[in-house]
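I opened a new entry for this structure today. My notes follow, in the order I looked things up.

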Amino acid sequence: MAETLYDEVGGRAFFERLVDGFYEAVAHDELLRPMYPEDLTESKRTLVLFLCQYWGGPTTYMDERGHPRLRMRHAPFRITKKARDAWMTAMTSALASVRSELTPDQFDEMMSYFDMAAHQMRNV
């Protein structure tokens with residue numbers, strides 16, 4: 001059986017580091033921070049579970065929350081071009097912080113996914 005990106009990067013611990021970097025940027029972003037709850041613990045956990053599942057890891061996200069339905073889950077938030085760009089800046093920064101753990105192809109694959117996802121979430 002072929003290894004998934006989840007396996008290749010070392011599993012959940014990698015995604016926890018990535019998500020920690022992302023939320024560190026979110027915590028200091030004036031546009032993004034108000035979109036998240038005061039306590040980021042559950043938001044971090046949910047994103048870790050989603051990314052693990054998306055990249056070939058355990059299906060815990062789906063088991064707990066059902067289908068991701070990302071656009072529907074993000075519909076309550078005004079995701080403008082500026083918000084999308086701020087999200088991409090935060091995620092790009094987080095991905096850069098773990099870049100040494102990735103091959104160039106893995107980095108490019110993840111960047112492509114995050115760029116596509118960010119564009120799809122825009123709703124204003």
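Predicted model: local features only at pLDDT ≥ 70, side-chain atom pairs only at ≥ 80, totals over all residues.

Next I looked up the volume. The largest pocket holds about 760 Å³ of space. Its lining has 27 residues, and those closest to the pocket centre are Tyr23, Tyr36, Leu47, His74 and Trp87. I then listed the elements that give two or more residues to this lining: H2, H3, helix H4 (60-65), helix H5 (70-74), H6 and H7. Which element gives the most? I found that H3 does, with six residues.

**Helix H2**

I turned to H2, which covers residues 12-27. This helix has 16 residues and spans 22 Å from first C-alpha to last, close to the 22 Å expected at 1.5 Å a residue. I checked which of its residues are buried and noted Phe14, Phe15, Leu18, Val19, Phe22, Tyr23 and Val26. Down the axis of H2, the buried residues fall within an arc of 160°, so they line one face of the helix. I also asked what they pack against. The partners are helix H1 (5-8), helix H3 (41-54), helix H6 (81-97) and helix H7 (104-121).

**Asp85**

Last, I looked up Asp85, which sits in helix H6.

Methods. Residues numbered from 1 in each chain as written. Heavy atoms only, no water. Helix = DSSP H or I, 4+ residues; strand = E, 2+ residues; numbered from the N terminus. Expected span 1.5 Å × (residues − 1). Buried < 20%, exposed > 50% of the residue type's maximum accessible area, 1.4 Å probe, protein only. Arc of directions from axis to C-beta. Contact = heavy atoms within 4.5 Å. 1 Å grid on protein atoms, 1.4 Å probe; cavity = no way out; pocket = protein on both sides within 12 Å on 5 of 7 lines; lining within 4 Å. Points joined across faces, edges and corners; volume = space filled by probe spheres on them.
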